[in-house]
Amino acid sequence: MDSLIAAAARALAAGDPLGALQRVALREDPPALALRGTAMAQLGEYPRARELLRRAGKGFGPHEALARARCVVAEAEVALAQRELGGSPRALLAATKALAARGDRANALRAQLIAARWPLLMGRLDEAAAQLAPLNGQALPPPLAALAHLTAAELALRSLRTGPARQALARAAQAAERAGVPALRAEVDEARAALDRPAARRVGGGGEQVLRLQDVEALLASRALVVDACRRGLSAGAAWQSLASRPVLFALAFALAQAWPGDVDRQALIARAFRTKHPDETHRARLRVEIGRLRAMAAGVADITATPRGFRLVPRDERPVIVLAPPIEGEQAALQALLSDGAAWSTSALALALGASQRTVQRALAELQDQGRARAIGQARARRWLAPPLAGFTTILLLPASLPLD
């Protein structure tokens with residue numbers, strides 16, 4: 001390794017991409033291309049970064065497997081930053097094994113960390129926890145340690161465990177200070193601020209109360225029956241029943257919970273669940289069917305009884321009923337939460353993360369764009385979507401995930 005390449009690598013490790021580019025900007029050999037690609041990624045120029053990294057990977061010879069594996073890992077990290085989530089993890093897994101076999105422990109650990117962040121971004125918390133587990137207890141370089149603790153903190157936050165999240169963030173702050181990288185310190189500070197921002201609203205009783213994440217955690221751990229409009233499900237202590245894929249059932253449960261301990265008129269339920277103001281006998285028959293399905297799904301925590309004018313929610317064991325609403329209004333709240341992270345998302349990545357069809361996501365994006373809450377850049381397959389950060393509260397509860405995490 002010549003002196004310019006070594007100096008550029010040190011500059012990148014210290015978080016100084018411009019200093020690295022000053023040393024290798026005019027060079028076209030594979031090591032310089034790889035460093036230029038990494039520097040462009042640190043500057044947020046992701047398409048150019050991927051192009052340079054691919055050129056570098058192709059430029060290394062057949063006996064330079066270690067250098068090619070490093071390029072694969074760097075490109076996977078750029079793809080993650082670009083929110084391109086549809087790729088196969090096999091290339092990253094092969095690169096991880098190649099790095100470990102050749103003694104490059106630091107980059108092998110980085111690859112493992114990227115593999116853990118991938119499912120975490122898509123809300124597959126159990127998979128992310130399994131990927132992160134081998135890193136626990138290992139002695140990591142300060143920059144990697146900060147990223148690992150940040151990932152562990154996000155995993156804890158997404159599963160609503162604020163105590164472990166605070167501990168992980170404290171360790172991440174210490175590692176970021178040792179690393180001396182300003183971007184890492186800023187990321188830790190932003191994650192810490194999310195703990196103290198409003199995360200949801202408790203509605204009912206003629207008013208609403210703003211809740212932080214630890215308040216929501218306490219509510220979900222209580223004996224109350226919580227109708228959660230953030231995660232779209234029913235919670236009662238340790239029991240959790242997801243209704244995320246059953247929008248009609250959730251609309252009925254939400255309406256019944258809002259009216260508790262009273263009942264809801266049949267016509268109001270039809271208007272809420274089926275979005276029609278002129279019901280006929282088919283709608284009333286469908287309402288009876290859907291109420292029966294909801295009654296079966298909620299059998300362990302509540303009953304739904306018929307009244308002369310409609311239906312009423314009756315929680316078991318005299319539990320109180322609490323309605324948890326998102327901090328922002330609108331049916332596209334989860335989509336807006338994903339977009340507000342500042343990254344440019346493709347439609348396919350949003351559909352993967354939300355578990356919805358691309359056509360559904362495209363319609364929702366068009367509505368957000370009309371409202372000025374999202375904007376598109378690029379054309380055709382290169383089109384990406386962004387939204388302004390949702391300042392003032394955290395969107396943790398709106399991101400895709402399954403509760404609870406064992």
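## Where H4 meets H5

Tyr46, Ala49, Arg50, Leu53, Arg54, Ala56 and Gly57 of helix H4 touch Arg68, Cys71, Ala74, Glu75, Val78, Ala79 and Ala81 of helix H5, where contact means heavy atoms within 4.5 Å. Sorted by type, the residues of this contact come out as nine nonpolar, one polar and four charged. For that sorting, Ala, Val, Leu, Ile, Met, Phe, Trp, Tyr, Cys and Pro count as nonpolar, Asp, Glu, Lys and Arg as charged, and the others, Gly among them, as polar.

A word on the source: this is a predicted model, in which local features need pLDDT of at least 70 and side-chain atom pairs count only at pLDDT 80 or more, while totals for chains, interfaces and linings use all residues. Residues are numbered from 1 along each chain as its sequence is written, and side-chain values use heavy atoms, with hydrogens and water left out.

## How the two helices are set

H4 covers residues 46-59 and H5 covers residues 65-81; they pack at an angle of about 165°, with their axes 9 Å apart. Axes here are lines fitted to C-alpha atoms, for helices over the stretch in contact, and angles run from 0 to 180 degrees between N-to-C directions. H4 and H5 are therefore roughly antiparallel to each other, a label for angles over 145 degrees. The crossing of H4 past H5 is left-handed, meaning that the near helix is turned anticlockwise from the far one by less than a right angle.

Helices (H or I, at least four residues) and strands (E, at least two) are DSSP runs, numbered from the N terminus.

Two strands pair if DSSP finds at least two bridges between them.

Gly204 is bridged to Gly207 in E2.

## The three-strand sheet

Another open sheet has three strands, ordered E6-E8-E7, with antiparallel pairing. Strand E6 (263-265) and strand E7 (302-306) are the edges; each has a single partner strand, so one side of each is left without a neighbour in the sheet. The twist averages 25° from one strand to the next. E7 and strand E8 (residues 310-315) run antiparallel and are joined by five bridges, with Ile304 partnered by Leu313 in E8.

Two helices go with this sheet. Helix H14 (residues 266-274) packs on it, touching E6, E7 and E8, and its direction makes about 75° with that of E6. Helix H15 (residues 281-297) lies across E7 and E8, at about 155° to E7.

## The end of H6

Ala101 belongs to helix H6 (residues 90-101). Its relative accessibility is 65%, so Ala101 counts as exposed, the cut-off for that being over 50% of relative accessible area (1.4 Å probe, protein chains only). Ala101 and Leu66 are 35 residues apart in sequence, and their C-alpha atoms are 9.3 Å apart in space.

How values were computed:
Parallel < 35°, antiparallel > 145°, perpendicular 65-115°, else oblique. Buried < 20%, exposed > 50% of the residue type's maximum accessible area, 1.4 Å probe, protein only.
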